[in-house]
Amino acid sequence: MKQKSLDRKLAVLRANPDANEFILADAKDADMAFGVGAPGKSTAPRNAEAPYRSLAEFRDIIREIVRQELVDIMLMSASTSDVLAVQERLFDDSPVTPAVRANDTTDIHAVRGGKYVEHPAMPFRTATVDHIQCGHIDCAPAERRRGADLGLYSVTFNNDPVRDRQTLEEYNRFRIEAERKGFRHFLEVFDPNVPGAVAPELLPKFINDMIARCLAGVPQSGRPLFLKMVYHGPQAMEELHRYDPSLVIGILGGSAGTTYDAFKLLAEAKKYGARVALFGRKINSAENQFVFLRFLRLIAQGQVAPEDGVRAYHAALARLGVRPHRALEADLRLETGVMSYGGSARSTVPPARAGALERRGGNERPAAVPAATAGGDPPQAHACRCHGDAAAGGGADGEAAASAGVDARSRYAPRPASPAPDFSRMTPAEKLAYHKAERDRVFG
């Protein structure tokens, strides 16, 4: 069985919190929040009344991402994990770690016609630890690793003593059950979902203090492996990292936004202390999820700057014949929105100019493209060749950059279940023939 990349990276980060490791997760648990629309818009909708992918198509995309080993963690609902992890054994010989959303507080119930996201979050849990671990109630000890042994538990603090105490009590019950059953978890901390719960200028401090206070009474045996939270900027991130370097901090992606939104968010958060990124809608809404994930990995490794990554991503889409959602200029704009399931407010700002000044610790200095260093993921010999002066949408560099998508599906379309090809045993010519056949199958 292959070693899980998550376990290896966490071991390195425990030994050196500033190590150049980065954990990338795909949050494919949206069916716990959005219902029928969770799989995302279909690339070939049957009609206006059925614009979304089916759950079967959604799970087929998950299978492909796991087989291509594009992420460290695949986060799913308990029902999807039951199919893929427990029944199909998809993760048995994979470096990808399966994880399951262990609770679903009411502030993520973003259903059509619903008003749940407008009301203060109430703790709630559909899944049980046993169902996540083995697919049925009351697992035998030997069964507990049949499914997932990692879960996401989310909390929302609204500055309300009664509701926040209930949230903490439910989290305590979960931790006790998880520890007894050998179940690991990571903790997601949402911003308040009640307008005016905390003054905007104090929100980052409120969240940091609630995290520190929440975990102060938790010994090592019950602590989360890492955090998932909104990125509130350099100062807030550095403050939490400095307070407790043993906390591995992760950021959530929020709404889909532009490609630059995702790339810049990852790069900036990593610069100031984050070591995990969990993107759901940003990945699921991408024109090509497989190419998008490859560029997220390159940015996490420090092999490409966010701006160059957007240009190279568009070059890859052009090479694959996939029409982008936005023109390159529009996709190179930063849209900052409310990082919540129900949020939609956003403002737009252009990307920083090349050579612009960055601020850290009160000092300004020229911004630079981060270089890959020892201790990170194995370098990919700059396969995309988009590091540096990639041309916008074309040119030699842009054309070479598109090679990052050669091993990915050009566009998802459902296909009959069949054994996954073993790319490790294929020659370059066989891989090229395989992907050409797949493209022909999709585009005709």
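Hi everyone. Let me begin with a definition: a residue is called exposed when its relative accessible area is over 50%, buried when that value is under 20%, and partly exposed in between. By that rule aspartate 138 is exposed, because its relative accessible area is 62%. Please keep in mind as we go that this is a predicted model.

First, the chain as a whole. It has 444 residues, and 53% of them are buried. Its secondary structure comes to 14 helices and 12 strands. If you take the contacts between residues at least 6 apart in sequence, 69% of them join residues at least 24 apart. The chain exposes about 20100 Å², with 54% of that supplied by carbon and sulfur atoms.

Now to the barrel. How many strands make up the closed barrel, and in what order do they run? There are 8, running E1-E2-E3-E4-E5-E6-E7-E8, and their pairing is parallel. From one strand to the next, the twist averages 25 degrees. Helix H1, residues 5-15, packs on the sheet and touches E1, E2, E3, E4 and E5. The direction of H1 makes about 135 degrees with that of E1.

Strand E5, residues 184-190, pairs with strand E6, residues 227-229, in the parallel sense over 3 bridges. Leucine 187 stands opposite leucine 227 in E6.

Next, please find strand E8, residues 276-279. Strand E1, residues 23-28, pairs with E8 in the parallel sense over 4 bridges. In that region, aspartate 26 has phenylalanine 279 of E8 as its bridge partner. E8 is also joined to strand E7, residues 249-252, by 3 bridges, and E7 and E8 run parallel. Here isoleucine 251 has alanine 277 of E8 as its bridge partner. To get from E7 to E8 the chain passes through H8, and this β-α-β crossover is right-handed.

Which way do the side chains of E8 point? Val276 and Leu278 point one way, Ala277 and Phe279 point the other way, and all are buried.

Is lysine 270 buried or exposed? It is buried, because its relative accessible area is 14%. Leaving aside residues up to four places away in sequence, lysine 270 touches Asn20, Phe22, Arg275, Ala300, Gln301 and Gly302.

Over to helix H6, residues 203-216, which holds alanine 212. Alanine 212 is buried, at 19% relative accessible area. Alanine 212 and tyrosine 243 are 31 residues apart in sequence, and their C-alpha atoms are 8.6 Å apart in space.

Now the cysteines. A disulfide is a covalent bond between the sulfur atoms of two cysteines. How many disulfides does a search of the whole structure find? The search finds 1. The disulfide is formed by cysteine 134 and cysteine 139, with their sulfur atoms 2.1 Å apart. The link of cysteine 134 and cysteine 139 is left-handed, with -90 degrees about the S-S bond. Cysteine 134 is buried, with a relative accessible area of 2%, and cysteine 139 is buried as well, at 7%. Cysteine 214 is another buried residue, with a relative accessible area of 8%.

Finally, a word on the backbone. Most residues other than glycine have a negative phi. With that in mind, I'd like to show you two residues. Arginine 89 is not a glycine, and yet its phi is positive, about 60 degrees. You will find arginine 89 in the loop between helix H3 (78-87) and strand E3 (97-101). Arginine 89 counts as partly exposed because its relative accessibility is 29%.

The other residue takes us back to where we started. Aspartate 138, also a residue other than glycine, has a positive phi near 55 degrees. Aspartate 138 lies in the loop between helix H4 (129-134) and strand E4 (150-156).

Note on methods:
Residues are numbered from 1 along each chain as its sequence is written. This is a predicted model: local features need pLDDT of at least 70, side-chain atom pairs count only at pLDDT 80 or more; totals for chains, interfaces and linings use all residues. Side-chain values use heavy atoms; hydrogens and water are left out. Helices (H or I, at least four residues) and strands (E, at least two) are DSSP runs, numbered from the N terminus. Buried means under 20% relative accessible area, exposed over 50%, partly exposed in between (1.4 Å probe, protein chains only). Contact means heavy atoms within 4.5 Å. Accessible areas come from the Shrake-Rupley method with a 1.4 Å probe; for residues, only the protein chains shown count as cover. Two strands pair if DSSP finds at least two bridges between them. A crossover is right-handed if, with the strands pointing away from the viewer, the path from the first strand over the helix to the second runs clockwise. Axes are lines fitted to C-alpha atoms, for helices over the stretch in contact, and angles run from 0 to 180 degrees between N-to-C directions. A disulfide is a pair of cysteine sulfur atoms within 2.5 Å.
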